[in-house]
Amino acid sequence: MRTAKIARKTNETAIEVSVDLDGTGTRAMATGIGFFDHMLDQLARHSLIDMVVKADGDLHIDFHHTVEDVGIALGQAIQKALGDKKGIRRYASSDLAMDGTLTRVALDVSGRPFLVWKVAFSAPKVGEMDTELFREFFQAFAINAGITLHVENAYFDNNHHLAETCFKAVARTLRDALEIDPRTANTIPSTKGTL
C-alpha cells in the first residue's frame, strides 16, 4: 500500500496530511485559504492521489507559513508513500492548456530535490492569495518530496488560469511519474539501484 500520513506542528501551523498514491483523486482540503484549497483540490483530482489536507495556521499574520508548511507536509507524505520507489516510471512531462494559457511541467522522482520556476504572474493576488506563494508551495513540495520539478509558463490570459495550469500540470505529471510500470514493477528505475 503506497499510503502515508504526516502530522507537522510548529509555533506557526498545525498540519495533517494523508495520501494514497493509488487512489482515485478523492480529496478533502481545509487550509482556511479558499483559493489554495481550490488548487490543492485540482492537484488531487488530476493526479488521482487520494489526499486529505487539514491546516490550522497563523492566517491573521499572512498566508505564507500555512502555504509553505502544507507544501512541506505534502512533500513528506508523497516521499514516505513512495517507499523504495520500486517500479515507478520516475520521469514524466506534460503541456497543459487552459483557454489562452499554456504551462509545461517536467519532473524526475530522483531523490535530488530541485525547483526551476519560470512563472511570472502579472497581479499580486488571485482571490485573497498572494501569487508569490505559489512558488513557495512548489519549492517546499519539491524539496520534501525529493523530486526535481520544472514548471514553465509559455503564455497566459489571466492569473487564475496561470495558477490553475501550474497545479493541474504538476498533477498530471505526478500521475504519470508515480505510476507503477508493470514491465519494471520489481525494479528501482536507476542504474545506481537506489533513488
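Select Phe-137 and Phe-167: both are buried (under 20% relative accessible area; exposed is over 50%, partly exposed in between; 1.4 Å probe, protein chains only). This is a predicted model, where local features need pLDDT of at least 70, side-chain atom pairs count only at pLDDT 80 or more, and totals for chains, interfaces and linings use all residues. Residues are numbered from 1 along each chain as its sequence is written, and side-chain values use heavy atoms, with hydrogens and water left out.

Stay on these two rings. Rings of Phe, Tyr and Trp (its six-membered ring) pair if their centres lie within 6.5 Å; planes under 30 degrees apart count as stacked, over 60 as edge-to-face and the rest as tilted. The count comes to nine aromatic pairs. Here the centres of Phe-137 and Phe-167 are 5.5 Å apart and the planes are at 25°, so this pair is stacked. Phe-137 sits in helix α3 (residues 132-145) and Phe-167 in helix α4 (residues 159-178), 30 residues apart. Helices are DSSP runs (H or I, at least four residues), numbered from the N terminus.

Next, show the largest nonpolar core, with 61 residues. Such a core is a set of buried Ala, Val, Leu, Ile, Met, Phe, Trp, Tyr and Cys residues joined through side-chain atoms within 4.5 Å. Val-19, Leu-43, Phe-137 and Leu-149 have the most contacts inside it.

Pick Leu-149. Beyond residues up to four places away in sequence, Leu-149 touches, among others, Phe-114, Phe-138 and Val-170 (contact: heavy atoms within 4.5 Å).

Finish at Thr-66, in helix α2 (residues 64-82). Thr-66 is buried, at 0% relative accessible area.

Terms used: Helices (H or I, at least four residues) and strands (E, at least two) are DSSP runs, numbered from the N terminus.
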